[in-house]
Amino acid sequence: RGDDGVSDANMSRALARRFASHAASTRAHDVVIAGGGVAGAALACALKSNPRTAALSVVVIDRARGRGDDELARALAPLAANAPPGARCVALTPRSMSFLEHGCGAWTGVEESRRARAFDVMQVWDGVGGGHVTYDARECGADALGRVVETNVVLAALETRMRELGVERMYGKTIAKASASDEDAPGTLTRVTVVDAASGSDAKTDAGGEVELHARLVVAADGPKSAMRKMAKIKVGGWGYGQRAVCGTVKTEHAHSTAWQRFLPTGPIALLPIGDGTYSNVVWTTTPDEAKRLTEEITAEEFAKEVNDALQGHGAYKSAHQEDLNRFAALRAVEDAAEATFKPLARVMSATLSRAVGVPPVHRDEDDTYELAPRFQYPPECTSAGEKSERGSFPLSTHHAFHLVKPRLALIGDAAHVVHPLGGQGLNLGLRDAELLADALSEAAALGQDIGSINALKPYARASVAANVPMMAALDGLQKLFSVDAYPVALARSIGLAAVNAAAPVRRNIAFYAMGGA
């Protein structure tokens with residue numbers, strides 16, 4: 001018996017109960033993914049779909065509540081008649097679609113929903129100057145430049161696939177604490193404390209709902225304000241634009257398969273076909289005050305009129321220089337004459353330029369019309385999608401983490417980088433991160449490496465930076481270039497757009513890059 005009157009037997013039983021309770025709430029996993037959005041869910045599916053990594057124990061921790069079978073079925077069901085699509089959409093590139101299909105096994109769910117609309121042409125024009133450029137999937141030997149689909153549909157397809165693959169998911173939860181050594185010793189584990197999302201990082205360590213996980217690798221896929229990134233003391237570099245992107249839905253006078261984007265001084269407005277093609281998703285970059293007006297202070301019918309005016313150049317959206325720069329139409333006569341007179345020479349020049357910029361030449365029959373520069377087309381008239389159609393907005397910024405990997409930690413998606421939405425690349429870059437990290441872990445598993453070691457993770461970091469930083473720089477540069485409405489700058493921009501539009505190989509090279517190199 002001890003000095004305090006407690007028998008040794010009773011003390012032993014108390015200690016045994018304590019350690020048993022601790023063991024029951026402590027679990028080991030190979031990969032813990034913080035964040036169940038598209039990037040995190042795609043990574044989980046890719047790891048479990050790959051024979052090399054299928055045996056890994058993967059758990060996804062998501063702040064959102066889980067959806068039941070009925071909810072997932074509704075999210076993946078075709079739209080009912082007169083039911084507008086949701087406002088948050090994504091233009092998936094061919095590379096992203098290929099990864100969702102072959103890497104994740106989730107594309108079937110998206111296809112069967114019949115809610116993904118292909119677009120085969122994209123027209124971009126300067127709302128101040130008048131120059132334009134048109135990209136056509138046929139010039140790239142593809143059926144489509146991409147597909148527009150509601151983000152919720154993609155996520156529902158991934159959630160369904162995770163269930164099929166047996167991925168463990170912890171919904172309504174968040175990581176409150178994480179402790180990992182910066183040392184890269186073999187067998188080292190990261191310890192994370194999972195609590196109810198409502199408790200957050202202020203949860204006490206003795207909270208009843210607390211679960212402790214040990215992981216060989218933790219993946220931060222928890223968004224632009226990543227808690228995991230902050231816990232790892234990884235800084236980011238970037239800036240805000242002082243703008244917001246307005247998302248909404250409108251109807252058009254006829255079904256179409258073209259993505260339209262007009263650059264206004266406040267930012268671009270894009271019209272993307274979705275559903276059966278008679279609906280279109282709107283992404284409009286503007287000032288915070290204007291975003292509030294467009295989303296909260298006007299009706300759906302008034303919103304559609306604003307979109308129509310902004311795309312057609314009517315009313316307040318008509319450029320002061322628009323009529324002056326209509327002389328670009330005179331270039332059309334020169335182009336037509338060149339096509340009629342120098343068609344054989346133009347074919348040779350096009351093939352030579354194609355080889356110079358590294359894209360395959362497009363072979364046409366002799367009787368085909370060789371069009372040096374695609375003509376400008378006006379977008380369809382927009383009308384209201386109904387008062388039940390959604391509208392919203394989100395702030396715009398760009399940033400990139402100074403480090404994408406540390407021992408036992410990798411950052412993907414918005415936790416790693418955020419880009420301007422003018423190119424529709426944000427979610428596509430997140431999917432590419434998931435693909436690149438899954439490939440790196442597959443290679444590490446095949447070589448018998450520790451999947452959480454820095455040697456296993458560095459190939460992912462190098463590949464992600466190489467893929468994402470040039471795209472981020474290009475999008476940021478375009479945003480700054482088109483935000484200036486001074487006449488000389490607008491004139492120079494329009495001449496540049498006209499030049500690109502007249503050089504088919506250059507157009508194709510840009511389109512290949514935007515399509516993810518597909």
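Thr258 counts as buried because its relative accessibility is 13%, where buried stands for a relative accessible area under 20%, exposed for over 50% and partly exposed for values in between, computed with a 1.4 Å probe on protein chains only. The model is a predicted one, in which local features need pLDDT of at least 70 and side-chain atom pairs count only at pLDDT 80 or more, while totals for chains, interfaces and linings use all residues. Residues are numbered from 1 along each chain as its sequence is written, and side-chain values use heavy atoms, with hydrogens and water left out.

Thr258 belongs to strand 13, residues 258-264; helices (H or I, at least four residues) and strands (E, at least two) are DSSP runs numbered from the N terminus. Once neighbours within four places in sequence are set aside, Thr258 is in contact with Phe119, Val121, Gln123, Leu271 and Pro273, a contact being heavy atoms within 4.5 Å.

## The cavity

A search of the whole structure finds 1 cavity of 30 Å³ or more, and the largest cavity has a volume of about 40 Å³. A cavity is a set of points on a 1 Å grid over the protein atoms alone where a 1.4 Å probe fits but cannot get out, and lining residues have an atom within 4 Å of a point; grid points are joined across faces, edges and corners, and the volume is the space filled by probe spheres set on the points.

The lining of the largest cavity is made up of Phe263, Leu264, Gly267, Pro268, Gln479, Phe482 and Ser483. Strand 13, strand 14 (267-274) and helix 13 (454-482) are the elements that give two or more residues to this lining. By class, the lining has 4 nonpolar, 3 polar and no charged residues, with Ala, Val, Leu, Ile, Met, Phe, Trp, Tyr, Cys and Pro taken as nonpolar, Asp, Glu, Lys and Arg as charged, and the others, Gly among them, as polar.

Helix 2 (residues 38-49) is largely enclosed by the rest of the structure, because 11 of its 12 residues are buried. Its first and last C-alpha atoms are 16 Å apart, close to the 16 Å expected at 1.5 Å a residue, the expected span being 1.5 Å times one less than the number of residues.

In helix 14 the buried residues are Ala490, Arg493, Ser494, Leu497, Ala498 and Asn501. Seen down the helix axis, these buried residues fall within an arc of 135 degrees, so they line one face of helix 14; the arc is that of the directions from the axis to the C-beta atoms.

## Thr134

Thr134, in strand 6 (residues 132-136), is buried with a relative accessible area of 8%. Not counting residues up to four places away in sequence, Thr134 touches Val121, Met122, Gln123, Pro374, Arg375, Asn501 and Arg507.

## Positive phi angles

Most residues other than glycine have a negative phi. Arg114, however, has a positive phi of about 55 degrees, and Arg408 has a positive phi of about 75 degrees. Arg114 is in the loop between helix 5 (107-113) and strand 4 (117-119) and counts as exposed at 61% relative accessibility. Arg408 lies in the loop between strand 18 (405-406) and strand 19 (409-411) and counts as buried at 2%.

Notes: 1 Å grid on protein atoms, 1.4 Å probe; cavity = no way out; pocket = protein on both sides within 12 Å on 5 of 7 lines; lining within 4 Å.
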